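I opened this notebook to record what I looked up in one protein structure.

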Amino acid sequence: MAAAQGAGSSSAGPSGLPSSAPGHSSNSTAVAVWEWQDEFGRWRPYRGNVCSYIEQVFQASQQKGRPSGSRPVSSIPLGHADPVLAPYVIDIQTWTQFRQDTGTMRAVRRHLFPGDSAAGQGIVWEWQNDERGWSPYEMKVCVFLEQAHATNHQQVDLGPLGYNYEVDFAAQVQTNKTTKFRRSIQRRLDTPYPVTASLASLHTGVACSCQQCWLNSGTGPITTRYRHSMINFPNSSTTHQVSGRTASVSSSSVGFVPYNKPTLSGARSTPRLNAQSTWALPQAVGPSTGLSAANGVSALNLPVKMSKPSKVNQALAATPTDPEAVVKKYLEEMKGTPADEDCIICMEKLSSPSGYSDTCKSSSIKAESVGRLTSCQHSFHMLCLLAMYSNGNQDGSLQCPSCKTIYGVRTGTQPKGKMEVSTFPQSLPGHQDCGTIQIVYRISSGIQGPEHPNPGTPYTARGFPRYCYLPDNEKGRKVLELLRVAWKRRLIFTVGTSSTTGESNTVVWNEIHHKTEMDTNLSGHGYPDPNYLDNVLAELAAQGVTEDCLGQ
């Protein structure tokens with residue numbers, strides 16, 4: 001089994017590399033590379049064409065002398081650069097990437113590299129994941145590898161860059177220095193990153209404590225995604241490359257992309273990001289097949305079946321299909337509107353018409369109508385909520401964009417399959433006082449339904465069956481019961497684009513983390529992890545799956 005590498009913190013470069021390899025360059029021609037930070041603390045570069053769009057909007061936002069009365073640019077909708085990224089927006093003021101349909105936020109950063117570096121030439125170095133796809137190194141590693149390759153080095157050590165790997169250019173492999181596990185690597189030509197004016201020193205390798213590193217390192221306000229992350233908060237010198245045997249991590253463009261949906265682009269002003277959301281959870285990653293059952297697994301498998309009609313069955317069988325009816329069900333129309341309060345969806349004043357009035361039409365909801373959600377009491381343009389609901393799954397439930405309170409029963413788009421449960425006496429690390437619960441998910445390839453991105457198109461199901469593990473104690477059994485509810489509500493998987501291979505129309509995980517390893521937590525997907533059960537309970541609650549659901 002492949003294990004993730006340890007973190008190096010040395011600042012020295014590989015023996016024999018030119019002295020300019022790590023650090024900075026005084027090259028006056030610079031290219032800008034934008035990256036987002038995944039839940040393991042790794043920086044993932046957007047592709048060159050996406051970075052070009054981000055940089056263009058960013059530069060416009062920095063320009064002085066804007067026309068009087070014009071709004072400063074504060075958000076960058078990534079769907080304008082790549083339709084696959086339609087749900088994602090970058091908030092320039094908080095340096096975060098925000099996913100509109102889930103509320104997930106991730107830190108972003110902007111680094112400058114010399115124009116003659118790998119970034120300026122559009123050269124990307126990648127390692128092969130367990131699904132036979134290719135995942136890019138972060139850009140400072142790509143720049144480092146390209147410089148070593150250009151100077152005819154046969155081998156380099158990535159330890160100074162925070163990776164416990166050695167790279168052999170001749171054999172085109174990466175070797176984990178601890179486990180000796182080897183992966184193929186490749187050098188690929190892509191779109192060059194955008195040229196930009198540079199007043200700062202440029203990066204050529206190892207990050208340091210300069211102003212650029214400090215300002216753009218993703219530090220600053222801790223986004224709430226770390227509150228529920230599956231591992232400890234990453235520090236600046238620790239970087240993990242996760243084995244695909246336990247989790248498929250994000251692609252070069254973005255993390256988890258379930259739908260190729262259009263962005264809510266009709267607003268007269270860009271949606272504002274809710275940086276204070278208490279349910280900004282980490283995006284889910286997609287494990288492939290984990291450990292097989294060990295000796296001693298009980299022979300009894302317990303497929304999850306519905307024995308009688310329930311609220312969940314009713315929700316799945318008869319979800320409201322009229323978006324206007326759903327909005328009116330959960331909002332009370334207000335007679336008067338606060339003069340100075342904004343709608344956080346369209347950023348217009350509540351006393352003004354909805355920013356989506358030009359593109360979202362309704363026969364019964366006026367552009368000026370303002371509603372208050374019945375439970376949390378947050379107020380929005382009713383037309384804005386209608387646009388948001390129409391852009392989503394349309395399952396009859398509504399989620400408050402401000403506090404993430406869920407109204408109704410949220411259901412997903414998980415394909416048909418089977419969830420099997422068994423137990424065996426072997427203990428998980430950190431839970432030596434009990435046995436283990438094994439969950440096996442089985443989903444086969446099929447045809448997409450009307451709720452999926454491309455109805456009538458076949459979808460694939462890679463890496464099934466998938467094995468997951470829980471401690472067989474009171475809290476572990478509680479998590480199991482809630483996962484059963486999530487399975488019945490079709491929330492655990494969905495059909496979308498694989499964040500590892502880039503394959504579209506395939507079954508992917510859907511934002512509820514699972515432990516797919518038993519005996520190591522180097523990747524964040526195994527044990528011991530004293531916070532996992534609490535974290536996954538919080539993730540389930542964010543999907544509307546709580547103890548109140550048990551017995552329904």
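Predicted model: local features only at pLDDT ≥ 70, side-chain atom pairs only at ≥ 80, totals over all residues.

**Entry 1: surface and model**

Residues are numbered from 1 along each chain as its sequence is written, and side-chain values use heavy atoms, with hydrogens and water left out.

**Entry 2: overall fold**

I looked up burial, where buried means under 20% relative accessible area, exposed over 50%, and partly exposed in between (1.4 Å probe, protein chains only). Of the 552 residues, 57% count as buried.

I then listed the secondary structure, taking helices (H or I, at least four residues) and strands (E, at least two) as DSSP runs numbered from the N terminus. The protein has nine helices and 27 strands.

For contacts (heavy atoms within 4.5 Å), I considered residues at least 6 apart in sequence; 70% of these contacts join residues at least 24 apart.

**Entry 3: salt bridges**

How many salt bridges does a search of the whole structure find? I counted a side-chain nitrogen of Lys or Arg within 4 Å of a carboxyl oxygen of Asp or Glu. The search finds 17 salt bridges.

I examined E55 and R110, whose side chains meet in a salt bridge at 2.9 Å, N to O. This pair links distant parts of the chain, 55 residues apart: E55 belongs to helix α1 (residues 48-62) and R110 to strand β7 (residues 105-114). Are E55 and R110 buried or exposed? I found both E55 and R110 to be buried.

Next I turned to D157 and K177, which form a salt bridge with their closest N and O atoms 2.9 Å apart. Because D157 lies in strand β10 (residues 155-157) and K177 in the loop between β12 (173-176) and β13 (182-189), the pair ties together parts that are 20 residues apart in sequence. D157 is partly exposed at 26% relative accessibility, and K177 is partly exposed at 27%.

I also recorded D472 and R477, whose side chains form a salt bridge of 3.0 Å, N to O. D472 counts as partly exposed at 23% relative accessibility, as does R477 at 41%.

Finally, I noted a network: R47, E126, R188 and D190 are joined by salt bridges that share partners.
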